[in-house]
Amino acid sequence: MKAVDNEMMETDKHISLVETRYFTFAQPPAVFVLESGEVIGPVTLAYEMYGELNAGRSNAVLITHALTGDAHAAGFREGEETPGWWHDMIGPGKAFDTDRYCVICSNVLGGCKGSTGPSSEDPKTGRPYGLKFPLITIKDMIDAQKALLDHLGIEKLHAVVGGSMGGMQALQWVASYPDRVASAVLIATTSEHTPQQIAFNEVGRQAIMADPNWNNGDYYGGSLPDKGLSVARMIGHITYMSDESMNEKFGRRMKDKRQPFKFSPEFEVAGYLHYRGHSFINRFDPNSYLYITKAIDCFSLSNGKPLHKLLKGIETKILIIAFSSDWLYPPYQSQQIARACKMAGVDATYCELRSNYGHDAFLVEFDEQTYLYKHFLEKVPDERRRR
Amino acid sequence: MSVDAGNTRSGRDRIDHRLILEMVEPGSSVLDLGCGTGELLTLLARERNVKGQGIEIDDRAIFECVARGLSVFHDDIDTGLPEYSDRSFDYVIMNQSFQQVKKPDTVMREALRVGKRVIVGIPNFAHIISRCQVFFQGRAPVTPALPHEWYDTPNLHFLSITDFIGYCRGREIEIERARYAGERRCVGIFPNLLARTAIFKLRMEQ
């Protein structure tokens, strides 16, 4: 009986059942104009909401997801056993306290989890877009989110929060629409992609495109380029971990059963990568991987100009977090954003957290992040009270 | 972690903080180098309505700063302040951090460049108790102002009030104001013998 009580109390503290919602805009004759000048429409965004909007609609926190994330950030969907990707951070009493804030997360434009992307139907042909889908940018992603917020009647976000590519979106929000974000939390991110980061993404893309099943992006309804996507995912996973975390997790341990083929993965680390790679095809569209990694690679917030000039006069409160062992988005990139904030006189705080988990740290290190984000958000003045 | 963000009573009670508070004009801008948990910045924001910013090397201390709503950068002040332009703050404060940096001379020069004025708080190594410990016990002093054992101290440089005044003279740094304190009260006479800490308000000689 006690165990049941405990369990109930446990589930009490979490978000339980959630539902993914959909918002479609840019219906003909309207169009959604991309940064490149190309247009698409209609555009659908999949999103989830946790917690209630207050009367002034001033308590919204937008969570922006990373490369392979989606709108399902917390709670459980009907019939599913695994919770959303940031379940430990979002919920009653958690870092993003759903008793205080209305937390919103939407799948990015170009994604494959309910939002319009290359696997969506092209209204012109009635078939999936494939490579007819236009190239998109981080700015396009947040412009689509802005349309969603307009639809929800949210004039100003209490905070926009994201890690990795999510951090790029959050930073883009601050730069493009500073009046619409009271605060921003930028986690393990950068203001522009570096050659090393582009290089890893390029290898991932080439792996997908080298798969014969890729067929110039036209594989829907046929055999999927699962091998290519799997290799891309393996490369990704290597960059998300660290030397320490791999040592800790796998060491040089062998898998139990010897495989018949000479080059079967016999080390645990190899088995892990294979597993991660192979299972990825079940949840991710290879073309989306191409489009989104391209958007990330093209991300350069200030485009060669000094970043601090772009941030001048911005009143958004900013918290910048990096992780010590993150070599994919090393702390120096967060420091560059922090320095630009200092030079621009932006109210910003920077902290490097100690962790062995590499880039993945923002998805697994909860205690320190919870403490920081919770307190940071509390100190952001409520817009309604300010007026 | 038990952090009480609202509790700044201890900050108000610290005599060095009170002396610094007296030196800061209301409404000014402040950069606190080695701001620790942000007690002083919080006090200055409340009592003097300053626009404050801190730099701190200890991540745990930064957690408390965030809880206090302060703007703080996790950085090493020894690497300088290159991102700040000249005279971008009314005051740059180094309270109890000046003797902890690797290159005090470089840090001081940077502080004087970035701040119109610099406020420095140092522990006095030549306080009478310290002198007695060295002289009679033959040991490195451990006092309330210098509370650390030799093997576990953040202090890299041990200087007296006289040392610091001499340093300023040699660098053409004007001491606009100097206040000296014991454990609880200000010290008026023989500060180099009787004061545990000293607070100086400095600027470059015109």
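How many residues does the contact take from chain B and from chain A? It takes 13 from chain B and 17 from chain A. This is a predicted model: local features need pLDDT of at least 70, side-chain atom pairs count only at pLDDT 80 or more, and totals for chains, interfaces and linings use all residues. Residues are numbered from 1 along each chain as its sequence is written, while chains are lettered from A and ligands numbered from 1 in the order in which they are written.

**View 1. The side of chain B that touches chain A.**
Two residues are in contact if their C-beta atoms, placed from the backbone, lie within 7 Å. Chain B gives 13 residues to this contact. Helix 4 of chain B has the largest share, 5 residues. Helices (H or I, at least four residues) and strands (E, at least two) are DSSP runs, numbered from the N terminus. By class, this side of chain B has 8 nonpolar, 3 polar and 2 charged residues. Ala, Val, Leu, Ile, Met, Phe, Trp, Tyr, Cys and Pro count as nonpolar, Asp, Glu, Lys and Arg as charged, and the others, Gly among them, as polar.

**View 2. Helix 2 and helix 3 of chain B.**
The axes of helix 2 (residues 15–23) and helix 3 (residues 39–48) of chain B come within 10 Å and cross at roughly 45°. Axes are lines fitted to C-alpha atoms, for helices over the stretch in contact, and angles run from 0 to 180 degrees between N-to-C directions. Helix 2 of chain B is therefore oblique to helix 3 of chain B. Angles under 35 degrees count as roughly parallel, over 145 as roughly antiparallel, 65 to 115 as roughly perpendicular and the rest as oblique. Helix 2 of chain B brings His17(B), Ile20(B) and Leu21(B) to the contact. Helix 3 of chain B brings Glu39(B), Leu40(B), Leu43(B), Leu44(B), Glu47(B) and Arg48(B). These residues divide into 5 nonpolar, 1 polar and 3 charged.

**View 3. The two domains of chain A.**
Chain A is divided into domain 1 (14–191 + 300–386) and domain 2 (197–296). The bounds come from an automatic or database domain assignment. The C-alpha centres of the two domains of chain A lie 25 Å apart. Their contact takes 27 residues from domain 1 of chain A and 22 residues from domain 2 of chain A. The domain 1 side has 15 nonpolar, 11 polar and 1 charged residues.
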